[in-house]
Amino acid sequence: MWMMDHIMNNRLSLEFGQSFVRIPLKKSPHIIHGDALETDWATVLPPEQCSFVFGNPPFIGAKYQRDAQRAQVRRIAALGKTGGTLDYVTAWFIKAGEYVKGTAARIGFVSTNSITQGEQVAQLWPILFDRCRLEIAFAHRTFAWGSDARGKAHVHVVILGLANRAAAPKDRLLFSYDDINGEPHESRHAALSPYLFDASALADPHVVVRETSKPLNGLPKLIIGSKPIDGGHFIFSGTERDDFLAAEPGAAPFLRPYVGSQEFLNGGDRWILALHDAPPSTLSTLPRVKERIAKVRDVRLKSTSKPTKALAATPTLYHVNVIPAAPFLVLPRVSSERREYAPIGWLGPPTIPSDAVTILMEATKPLFGLLTSAMHMSWLRHIGGRLKSDYRYSIGLVYNTFPMPPVSEADLAKLEPLAQAVLDARAAHAGAKLADLYDPDTMPANLRRAHQALDRAVDRLYRKTAFTSDRERVEHLLAMYEKMIAPLAAPAPSGKRRRRKSA
């Protein structure tokens, strides 16, 4: 703050052509040199004397924390043995929230946007809302902070202002960025959701989307593809496959195309040994295949993981065995943030999907249309997590929780010709990669028109009034989700029915 004061003094001097000096500074701040998470803040400044707690806490993802840092987050969050998957920055929010609890002090922190999307929302925000009794007083939605020489953002951040519930303002300011590198526009709301949009239409503005192991929406089960845990010994590039078959032609029936997100979106030539149904008598005639099996067994035996060690007893099988016998719908687990639509589509035998994709064995074209629509994409963008800045498609968080439109199967079936039109528009560009078809700079006009027609039809299944933005869609979906997880409770003694408040 003192440095900023000095910078502003210099700018004022340049503007008016006169020197305006307040340096050297007369007042000295009270500085404590130590670990903020290990310091009792009340010993530095009694909370009742504090007006604001603000700053830019460290950004360290859950996977990149040192053991000591992970232990700090686990202790402060008190989420149990695992400590959840919270980023390091969340410890500052919780510590600040506990420090200002019951006072008029406010909190203002810059944070990575990871705490307002994905699985962290359900871990962090109930602590801030319920344990610390905080409300969101203002917020800046995601914007790019810092850039390199090419203008590429180093990090996507949010700014969050928090206040005690009793002292929270009636009007909550929200600053939104149509261009994350541009200037925001301001809106005012009675309540803000932890996903940083209007929550005034919700019965509980604190509602968060929680991961579930089964679909809440009646959809068929979505699963990940095969996960070999083979040390790479069952997997071949195209050239490696050719060389292997030249030396062992009898292995040809067991080598099958192997497709993950990379191959599905960008093409590629990758193969995997599929020995699940290979007769022992046949394997005994394939010495190079047997050598690969032995190496897989050895890799698993050397693992420090007990479940992986146990897999050594069945070295011809994968850890996750998904060998489709019929066409299946593919949804990549990671997709570029630049895309308006995360590309999905069908593959079929003999292809084996990897665990880098999720697959739906019972998909219909109307369901394909629903999942590739702007409505579902808005749920993915705002509720799903991110890998760096790319969209991460989560089965438990995105697919299993997605609110279905309140219509009949016959109404859903009307999406089929529009979904087929999307597939036909892709097919009109034979040889084009999905990554190119869905790049916003190279997306063909006929494909965009097909998607827009499908989007309008899906939107109408949710409500008659047209949606004007993705944010409006997800606000509508969150209200539907709230009702989906909070059914009417048993009748009260008075005969009146009451809603169960969701967490």
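A residue counts as buried at under 20% relative accessible area, as exposed at over 50%, and as partly exposed in between (1.4 Å probe, protein chains only). The model is predicted: local features need pLDDT of at least 70, side-chain atom pairs count only at pLDDT 80 or more, and totals for chains, interfaces and linings use all residues. Residues are numbered from 1 along each chain as its sequence is written, and side-chain values use heavy atoms, with hydrogens and water left out.

Start with helix 6, residues 238-247. Helices (H or I, at least four residues) and strands (E, at least two) are DSSP runs, numbered from the N terminus. T239, D243 and A246 are exposed on one side of helix 6. G238, F244 and L245 are buried. These three span an arc of only 125° around the axis, so they lie on the same side of helix 6. That arc is taken over the directions from the helix axis to the C-beta atoms. What do the buried residues of helix 6 pack against? Their partners are strand 8 (235-237), strand 9 (255-259), strand 10 (270-273) and helix 9 (287-301). Contact here means heavy atoms within 4.5 Å.

Next, a helix pair. The axes of helix 4 (residues 89-100) and helix 5 (residues 120-131) come within 9 Å and cross at roughly 10°. Axes are lines fitted to C-alpha atoms, for helices over the stretch in contact, and angles run from 0 to 180 degrees between N-to-C directions. Helix 4 and helix 5 are therefore roughly parallel to each other, a label for angles under 35 degrees. Helix 4 contributes T90, F93, I94 and E98, which meet Q120, L124, I127, L128 and R131 of helix 5.

Now the cores. A nonpolar core is a set of buried Ala, Val, Leu, Ile, Met, Phe, Trp, Tyr and Cys residues joined through side-chain atoms within 4.5 Å. The largest one holds 105 residues, and V53, W125, L128, L371, W379, Y462 and L478 touch the most other members. Helix 4 supplies the largest share of this core, eight residues. A second, separate core of 21 residues includes F234, F236, I272 and V296. Beyond its neighbours within four places in sequence, Y462 is in contact with residues including L370, F402 and M480.

Finish at A374, in helix 12 (residues 374-383). Is A374 buried or exposed? A374 is buried, because its relative accessible area is 9%. Residues up to four places away aside, A374 touches Y341, D455, D470 and R473. A374 and R473 lie 99 residues apart in sequence and 8.6 Å apart in space, C-alpha to C-alpha.

Conventions
Angles under 35 degrees count as roughly parallel, over 145 as roughly antiparallel, 65 to 115 as roughly perpendicular and the rest as oblique.
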